Amino acid sequence: MAQRAAKLLAKAQEHMEAGDMANALLVLRECARLEHDVPRLKVATLINLANAESELGDVGAAREHYDAALVLAPANFEAHANFGMLACEHGPRERAISHLRQAVQADEQWFDGWFNLANLYSTARGQEAEALACYERALKVQPASPDALINLSACLVDAGRLADGVARAAEAVRLHEA
């Protein structure tokens with residue numbers, strides 16, 4: 001059964017790469033019904049199911065499958081990262097922060113995680129320090145990111161650090177013009 005599951009998972013990933021989420025979902029559902037003792041395959045199937053459901057707009061099912069994957073593999077980067085990004089878009093905010101935090105702990109070089117954490121923190125009063133720290137971490141990963149520099153600039157201004165904000169905005173403009 002594990003071999004069949006691996007083949008189905010590979011076929012589903014081909015469908016996903018081709019942008020055919022509907023057929024990927026059908027194959028993944030078949031894969032999920034197979035009984036086998038390979039946790040890695042079960043987790044990968046659940047994450048891919050959630051990814052396809054998310055792409056097709058079934059947020060509730062995606063959440064259920066990310067949760068199920070995390071029960072089997074609580075520290076799985078991909079599950080936390082994708083669940084965090086889903087929660088960034090659909091809420092709740094606290095869940096997005098929790099999953100993104102766990103994802104960047106697993107991979108400190110994940111720019112999108114730091115950037116999205118910073119954006120989430122920057123929208124809440126009293127969390128400017130967290131936002132600034134996350135923007136700085138994002139910029140350690142991608143120092144030439146104009147988006148991170150512009151958002152950091154705005155956050156610095158909001159935190160009352162006008163000169164620092166203007167300097168970071170100027171840096172973003174220089175990068176954009178280069």
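Trainee: Which residues in H3 meet which in H4?

Mentor: This is a predicted model. From H3, Lys 42, Val 43, Leu 46, Ile 47, Leu 49, Ala 50, Asn 51, Glu 53 and Ser 54 take part. They meet Ala 61, Ala 62, His 65, Tyr 66, Ala 68, Ala 69 and Leu 72 in H4. By class, the contact has 11 nonpolar, three polar and two charged residues.

Trainee: How do I describe the packing of two helices?

Mentor: Two packed helices are described by the angle between their axes and the distance between those axes. Here, the axes of H3 and H4 (residues 59-72) come within 8 Å. They cross at roughly 160 degrees.

Trainee: Are H3 and H4 roughly parallel or roughly antiparallel?

Mentor: Angles over 145 degrees count as roughly antiparallel. H3 and H4 are therefore roughly antiparallel to each other.

Trainee: Is the crossing of H3 and H4 left-handed or right-handed?

Mentor: The H3 and H4 crossing is left-handed.

Trainee: Now the pocket. How much space lies in the largest pocket?

Mentor: The largest pocket holds about 170 Å³. Its lining consists of Met 16, Met 21, Asn 51, Ser 54, Glu 55, Tyr 66, Asn 82, Met 85, Leu 86, Glu 89 and His 90.

Trainee: Which elements give two or more residues to that lining?

Mentor: Helix H3 (39-55) and helix H5 (77-90) do. H5 gives the most, with five residues.

Trainee: What is the make-up of the lining by class?

Mentor: Five residues are nonpolar, four polar and two charged.

Methods
Residues numbered from 1 in each chain as written. Predicted model: local features only at pLDDT ≥ 70, side-chain atom pairs only at ≥ 80, totals over all residues. Heavy atoms only, no water. 1 Å grid on protein atoms, 1.4 Å probe; cavity = no way out; pocket = protein on both sides within 12 Å on 5 of 7 lines; lining within 4 Å. Points joined across faces, edges and corners; volume = space filled by probe spheres on them. Helix = DSSP H or I, 4+ residues; strand = E, 2+ residues; numbered from the N terminus. Nonpolar A, V, L, I, M, F, W, Y, C, P; charged D, E, K, R; others polar. Axes fitted to C-alpha atoms, helices over the stretch in contact; angles between N-to-C directions. Parallel < 35°, antiparallel > 145°, perpendicular 65-115°, else oblique. Left-handed = near helix turned anticlockwise from the far one by under 90°. Contact = heavy atoms within 4.5 Å.
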